[in-house]
Amino acid sequence: MSVVVEAQNLTKNYNGFTAVAGIDFTICRGQCFGILGPNGAGKTTVVAMIYCFHPVTSGILNVLGHEVSENPRAIKTRLGVVPQENNLDQELTVRENLLVYAGYFGINRETAAKRADELLYFFDLSAKASQEVEQISGGMKRRLTIARGLIHDPEILILDEPTTGLDPQSRRLIWEHLRRLKRKGLTLVLTTHYLEEASQLCDDLIIMDKGNILEQGRPLELISRHVGAKVIEVEINPGQRQLLLQSLKKEIRGYQVAGNTVYLFISEDETGALERLNAHSSVQTYQVRPSNLEDVFLKLTGRGLIYEEGSGNETGLYPDNEISNQVL
Amino acid sequence: MKPGFTPTMKSLTRYYKPLNRWALKVLNRNLVVFKKTWPTSIAFNIVEPLLYLAALGIGLGVMIEDFEGMTYTQFIAPGIVATSAMWASAAECSYDSFVRMHFQKIYHAIVATPINLQEVVVGELLYGTFKSVLSGTVILMVIAALGLVLSPWALLVPFVLVLNGLVFAQVAMIWTGIVPKIDNFAYFFTLVVTPMFLFSGVFFPMDVLPEIVQTLAWLLPLYHIVVLLRSLTLGTVGPELIIHLLWLLVFITAIFPLPQMLMHRRLIK
């Protein structure tokens with residue numbers, strides 16, 4: 001596979017603050033590459049350097065064969081960008097937004113009109129084509145922003161937190177569109193703090209925290225490497241916790257504590273651990289579930305990830321929660 | 001010092017390159033929006049100057065019958081052309097540019113395309129210039145219809161309005177590059193635009209002012225524009241106008257790098 005983005009010792013400082021601390025990564029053509037991490041991890045800074053918005057402080061960043069500081073115009077002609085904040089033209093209609101944006105790339109009107117109509121159809125926006133942007137829903141605005149990033153048929157599409165702030169249904173719809181784009185061979189670079197999003201879409205990902213890469217690999221690989229196949233969540237009075245963990249020493253490969261909940265990581269078979277749990281009178285409830293990237297993140301950072309209230313199985317990162325982190 | 005602030009000759013020349021086809025695409029974006037929204041922006045740019053002309057021309061005009069060989073309305077009419085053009089470009093590149101930059105994030109959207117930030121700034125200046133030419137020309141046509149234009153030299157007025165636009169679009173954009181909040185533009189209008197409006201020879205001839213103030217007025221770009229426009233509309237054209245024209249050209253060229261430098265410092269971290 002050919003390399004489309006290569007970073008070596010990539011560093012970004014803002015007024016003495018290190019946002020990206022000398023990281024290395026490689027993105028190959030046709031991949032969906034994820035950059036996962038909590039707010040403030042440096043994800044947005046990394047992608048903003050790829051699309052030549054923030055200048056690189058030091059290190060190498062090569063995009064589509066060009067060094068970012070040397071030829072940004074050549075790079076930006078071949079990149080599509082979907083920023084974190086919607087910056088659509090509020091005063092224009094849905095279709096006009098695409099046409100005006102096509103103008104920035106020097107695409108002639110005829111081609112732009114054809115391409116705009118195809119994209120509106122692809123993103124289920126044809127019926128809204130002549131509506132003002134202010135009148136469409138958040139999910140539609142997001143789809144329009146993605147469509148806009150594709151107007152010039154780019155080789156790489158950069159998506160900075162594409163589904164943040166959307167309801168679960170809109171989020172799933174966007175995932176479906178992104179999967180279809182991936183099947184067409186488009187390279188996607190995606191930042192997210194939704195672990196489910198990363199597991200659903202990414203072939204390869206880096207987990208960032210405080211400007212550094214903590215871990216890198218395929219989602220399933222990372223899960224089996226760090227937490228095993230399954231997790232048991234146990235509700236237990238903190239006073240009884242040590243006793244329980246002592247008795248489970250042989251059955252589990254690690255654990256995490258968050259408030260009254262203990263997460264037990266097990267490799268293959270949970271029967272042994274369940275027997276011990278059933279024998280403990282102090283265990284209030286427990287639940288066995290497949291492990292996910294959230295568990296990996298929790299284990300790597302020792303910091304909190306909790307389920308978002310009221311959004312089903314969506315997850316988010318809350319780096320300020322204090323959670324102890326220990327591995328047996 | 002930041003890289004954008006080392007003023008060697010070589011680094012300065014790069015600020016004139018963005019006057020190119022990419023900047024025109026930014027201008028085009030604003031014109032597309034203007035085609036949809038012009039009925040709302042026309043009140044401020046065109047109706048308001050006409051109110052000034054009517055109130056002062058009729059109100060004060062009754063008391064002043066002979067004003068340096070003309071009616072008072074004839075005297076102030078070219079100044080109203082100049083000030084309406086000044087307000088139009090100054091407002092466009094302050095409040096309206098700030099909204100596009102800060103609230104709508106239009107600049108961010110555009111710099112993700114092949115267009116760079118310098119070209120965005122120049123495109124905005126060109127649009128401010130368009131607004132200046134547009135509102136000044138409309139006022140010119142109105143005063144011509146009222147019989148206040150006495151000479152065919154007035155056909156050159158739109159060219160002076162281009163200079164007017166470039167001056168005030170840039171001065172406003174410099175503030176847009178600096179002000180922390182949109183409310184801070186109040187200082188720009190109170191301390192820069194309004195004094196210029198009042199002391200550039202629009203409402204009274206400069207020679208009634210103390211000599212020191214007359215000298216200071218020479219530093220105000222609007223003064224030179226008023227002299228040029230009044231000479232063109234009244235047909236009192238002579239070689240002495242060249243100096244005013246040169247003053248404006250030098251001013252425009254000299255400050256051209258500033259809006260780009262300041263916007264770069266503001267947005268690119």
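Biologist: Is the crossing of H6(B) and H11(B) left-handed or right-handed?
Modeller: This is a predicted model, in which local features need pLDDT of at least 70, side-chain atom pairs count only at pLDDT 80 or more, and totals for chains, interfaces and linings use all residues. Residues are numbered from 1 along each chain as its sequence is written, with chains lettered from A and ligands numbered from 1 in the order in which they are written. Helices are DSSP runs of H or I with at least four residues, numbered from the N terminus. A crossing is left-handed if the near helix is turned anticlockwise from the far one by less than a right angle, right-handed if clockwise; that of H6(B) and H11(B) is left-handed.

Biologist: At what angle do helix H6 and helix H11 of chain B pack?
Modeller: H6 covers residues 157–178 of chain B and H11 residues 257–267, with axes 8 Å apart. Axes are lines fitted to C-alpha atoms over the stretch in contact, and angles run from 0 to 180 degrees between N-to-C directions. Because angles under 35 degrees count as roughly parallel, H6(B) is roughly parallel to H11(B). The angle is about 15°.

Biologist: Which residues of H11(B) make the contact?
Modeller: Two residues are in contact if their C-beta atoms, placed from the backbone, lie within 7 Å. H6(B) contributes Gln170(B), Met173(B), Ile174(B), Gly177(B) and Ile178(B). From H11(B) come Leu258(B), Pro259(B), Leu262(B), Met263(B) and Arg266(B).

Biologist: How many helices does chain A have?
Modeller: The C-alpha trace of chain A spans about 75 × 45 × 35 Å along its principal axes. Its secondary structure has 17 strands (E runs of at least two residues). The helices of chain A come to eleven.

Methods
Parallel < 35°, antiparallel > 145°, perpendicular 65-115°, else oblique.
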